[in-house]
Amino acid sequence: RRYAGEPGAVARVALPAFAVGYLGLLPCFFAQVRWLPVTADTSAVMLALVVFVPKGNDIGAYFTGRALGRHPLAPRLSPKKTWEGFAGGMLAGAAVAVGLSFLAPVFTHGPLEAAAFGLVVGLAGVFGDL
């Protein structure tokens with residue numbers, strides 16, 4: 001059977017649930033990263049990695065795609081995403097991770113692990129966008 005009651009009831013229930021989840025639960029993960037049992041500098045760099053690597057990826061993808069983008073990545077899902085933007089974003093995310101890794105000993109294997117972290121986070125961001 002279908003719900004035939006008042007229209008808009010689903011939206012009135014879903015929007016507050018989304019707001020609590022997005023504005024209430026997600027920021028608590030930032031606090032958990034900051035409270036890890038490491039030095040204050042290391043946890044600050046970890047928090048910076050969580051914020052700036054995805055943003056660096058998005059910014060790199062946008063500007064590279066605008067400047068060089070010719071080949072669509074997924075035209076039906078996101079018509080303006082290009083393979084060139086994808087590559088530029090991945091490089092930018094990896095560069096941000098490597099740059100931040102020099103501020104504190106976050107990665108045990110050095111810049112190579114930081115670059116891999118930037119690539120994985122960038123890939124997760126692209127899949128999340130699509």
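Modeller: Helices here are DSSP runs of H or I with at least four residues, strands are DSSP runs of E with at least two, and both are numbered from the N terminus. The model is predicted: local features need pLDDT of at least 70, side-chain atom pairs count only at pLDDT 80 or more, and totals for chains, interfaces and linings use all residues. Residues are numbered from 1 along each chain as its sequence is written, and side-chain values use heavy atoms, without hydrogens and water.

Colleague: What separates Phe18 and Tyr22 in helix 1?

Modeller: Phe18 and Tyr22 both belong to helix 1. They are four residues apart there, so the separation is about one helical turn.

Colleague: How many aromatic pairs does a search of the whole structure find?

Modeller: Rings of Phe, Tyr and Trp (its six-membered ring) pair if their centres lie within 6.5 Å. On that basis, the number of aromatic pairs found in the whole structure is four.

Colleague: Is the pair of Phe18 and Tyr22 stacked or edge-to-face?

Modeller: Planes under 30 degrees apart count as stacked, over 60 as edge-to-face and the rest as tilted. The rings of Phe18 and Tyr22 are 5.4 Å apart centre to centre, with 15° between the planes, and the pair is stacked.

Colleague: Which class does the pair of Phe107 and Phe117 fall into?

Modeller: Phe107 lies in the loop between helix 3 (83–101) and helix 4, and Phe117 lies in helix 4, so the pair ties together parts that are 10 residues apart in sequence. The ring centres of Phe107 and Phe117 are 5.5 Å apart and the planes are at 50°, so the pair is tilted.

Colleague: Is Phe117 buried, partly exposed or exposed?

Modeller: Buried means under 20% relative accessible area and exposed means over 50%, with partly exposed in between (1.4 Å probe, protein chains only). Phe117 has 28% relative accessibility, so it counts as partly exposed.

Colleague: Which residues does Phe117 touch, not counting those up to four places away in sequence?

Modeller: Contact means heavy atoms within 4.5 Å. Phe117 sits in helix 4 (residues 111–129). With residues up to four places away left out, Phe117 touches Leu49, Val53, Ala97 and Phe107.

Colleague: How are helix 1 and helix 2 oriented to each other?

Modeller: Axes are lines fitted to C-alpha atoms, for helices over the stretch in contact, and angles run from 0 to 180 degrees between N-to-C directions. Helix 1 (residues 9–34) and helix 2 (residues 40–68) pack at about 150°, with axes 8 Å apart. Angles under 35 degrees count as roughly parallel, over 145 as roughly antiparallel, 65 to 115 as roughly perpendicular and the rest as oblique. Helix 1 and helix 2 are therefore roughly antiparallel.

Colleague: Which residues of helix 1 make the contact with helix 2?

Modeller: On the helix 2 side, the contact includes Ala40, Ser43, Met46 and Val51. From helix 1 come Phe30, Val33 and Arg34.

Colleague: How far apart are the end C-alpha atoms of helix 3?

Modeller: The expected span of a helix is 1.5 Å times one less than its number of residues. For the 19 residues of helix 3 this agrees with the distance between the end C-alpha atoms, 27 Å.

Colleague: What does Gly56 touch, not counting residues up to four places away in sequence?

Modeller: Gly56 is in helix 2, and it is buried because its relative accessible area is 14%. The buried residues of helix 3 include Ala92 and Gly93, and what covers such residues includes helix 2. Gly56 touches Ala92, Gly93 and Val96.
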